[in-house]
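Subject: Structure for you to look at

Hello,

Here is the structure I said I would pass on. Please open it next to this message and follow the points below.

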Amino acid sequence: MAIVAGIDSSTNRTRIVACDADTGAVLRAGKAPHPAPEGPDARATETDPQLWLHSLGEAAAGGLLEGVRAIGVCAQQHGMIGLDAGGVLVRPAILWNDPRASGAAAALVDALGGPAAWTRAIGAVPASTYTIAKLRWLAEFEPAAARRVAEVLLPHDWLVWQLLGHPQRRTTDRGDASGTGYWSPITGEYRQDLVKLALGHELRLPDVLGPAEPAGHTPEGLLISAGTGDNMAAALGLGLGPGDAVVSIGGNGTIFAVHDRAVVDASGIVSSFADATGHHLPMVGTLNAAQVLRSTAAMLGQDLEGLSELALQSSPGAYGVVLLPYLDGERTPQLPHAAGTLTGLRAESMTPQHLARAAVEGMLCNIADALDVLRAKGVGVRRVFLLGAAGRLPAVRQIAPQLFGVPVVVPAPGDHAARGAARQAAWALAGSAEPPQWELPDAVTTTPDQEQDLPVGSAVRGQYAAAREQIHPETSG
C-alpha cells in the first residue's frame, strides 16, 4: 500500500493527513497552529513564512510522514511573498486578509478601464485580497521594498520550494495562479503588463504546472506534486466534477462550481478561477451567511442548535414572514448599502418559530439567488455540497434541498483541503490521466422530492423574490 500525504497551510494553522493512495482512507492526521509573529511592528495579516515551516514540523511530529512516498501542498490563496534577485525575502509575507490594499485595488480597476476590462483580462475584478493589489500597495507605500522585489511566490509556492530544497526552478499551479490577478484562466498565461501596471516593473514568476505534473523530489527522494490553493484542494478532496457546486456557509457565503471553461462576467459578480484538475471554478460570494443565523439566534436567546429546532417547528414560508438578510449590505445581489428587512409580520406570525424559519429561509434564498447567477452564465448546478458548521444544522439540511432544487450533500467534518492535496500527490505518483477515485466517507445526500419539495421550495423562493423586488426593485429582472 502506497501512502501519500496532504499539507494544508491555512491562515492560522497547518493540517496534515496521510492517506492510502488507492482508497483515500485517512491513516494518520496532525495539526499545529502557526506561531504568532513577534515584535513591536507585528501585524496579524503579515508573517515571516518561516513560521509556516515551524508549524508544519509540529504537525508532522510523531512519525506522521513515516512511509510517505509523495506529498501535496495546499495553502491560503492570494498571499504575497516578495523575494529579491538572490531569492532573499524582501519583507514579511502579506496575507490574503490584509485590508490595506483596498484603495490599491480600486486604483487598479480604474487604471485598466473598469470592471469589464479586468474580467476580459483575467476573468475577475481584483479586490484587496488579490496578490496584484498588494503589489500596487507596496509600490505606493513601500517603494524601496517594491524596487527590490524581483519575484513573487504564493504561500503554497513558497512551501513547495522549501520542501524541494530551494531549487533554481520555482513552480505553482493554475488554480492558485488564477487568484493572483496577473495570470489569466482564460488564456492560461501570465499578464506581465498587469504586473507592471501594479508594481512598475516585471517580475520573475513561477512556472505553472499541469494538474498531475510533479514539482520535483525532496533531497530525501519524496515526490512533491504541483500543489494548489485551498479552495481548489477542497474541491479535489470532495471529489467534485462538472455540475457539482460548493456552498460554504461561514461568516460570508462562498459559492463555486466546477465548469468546463472560464466565465467572463462584465459585472464582476462572478470571479473565474481555475481548479486543480484542468477545469474551472467560477465563484460568487455573499456577505451574509452564518452571521444571519447567529444574530437571529442571539435575538431569540438561543444558540444555533436552538434556532434550528425552532425553525423546524414552523412551516415552509414561515407563515408569510420574510427576512431579507442583507445585514451587512450585500455583494450578490449588489446592494452595498442595504440593511436587513423583516416583512410579512402579522399578529399570528410574530413567534420565535416563524422568525427562526424566516432567518434560515432568507439566508438560503440569498444563496440560491447566487447559485442562479452561476446558472445564468451557463454553469451547470446539478448537485450542491454544503460545508461549514451551519450547513450541518438540521433545519439547514432539510430546507436547502427544497430551495436549491437539487440533491444536497453534507460531508462529514474533515480536512477536505488537506485530503485534496493528498489526492493530488497520489495522482502525480501514479502518473495517470485522471486523479484516483476516492470515496467521500460518511457523506449524507438529501434529494428533494419532485412532487412535494420542489413546489414548496419554488413557493418559498417566490415569496422571498416578491419581498426583495418590492424593497429593492433594482434586483428584479
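In what follows, contact means heavy atoms within 4.5 Å. Helices (H or I, at least four residues) and strands (E, at least two) are DSSP runs, numbered from the N terminus.

This is a predicted model, in which local features need pLDDT of at least 70 and side-chain atom pairs count only at pLDDT 80 or more, while totals for chains, interfaces and linings use all residues. Residues are numbered from 1 along each chain as its sequence is written, and side-chain values use heavy atoms, with hydrogens and water left out.

Helix pairs

In α9, the residues Asp230, Ala233, Ala234, Leu236, Gly237 and Leu238 touch His416, Ala417, Arg419, Gly420, Ala421, Arg423 and Gln424 of α14. By class, this contact has six nonpolar, four polar and three charged residues (Ala, Val, Leu, Ile, Met, Phe, Trp, Tyr, Cys and Pro count as nonpolar, Asp, Glu, Lys and Arg as charged, and the others, Gly among them, as polar). The axes of α9 (residues 230-238) and α14 (residues 416-430) come within 6 Å and cross at roughly 75°. Axes are lines fitted to C-alpha atoms, for helices over the stretch in contact, and angles run from 0 to 180 degrees between N-to-C directions. The two helices α9 and α14 are therefore roughly perpendicular (angles under 35 degrees count as roughly parallel, over 145 as roughly antiparallel, 65 to 115 as roughly perpendicular and the rest as oblique).

Helix α11 (residues 304-313) packs on helix α12 (residues 352-376) at an angle of about 105°, their axes 7 Å apart. Residues in this contact include Leu307 and Leu310 of α11 and Pro352 and Arg357 of α12.

Salt bridges

The whole structure has 21 salt bridges (a side-chain nitrogen of Lys or Arg within 4 Å of a carboxyl oxygen of Asp or Glu). One of them joins Arg357 to Glu361, at 2.9 Å from N to O. Arg357 and Glu361 are separated by about one helical turn, because they lie four residues apart in α12. Both Arg357 and Glu361 are buried (buried means under 20% relative accessible area, exposed over 50%, partly exposed in between, with a 1.4 Å probe and protein chains only).

Glu469 pairs with Arg468, with the closest N and O atoms 3.3 Å apart. Glu469 is partly exposed at 33%, whereas Arg468 is buried at 9%. Shared partners link Asp369, Asp372, Arg375, Arg461, Arg468 and Glu469 into one network of salt bridges.

Regards
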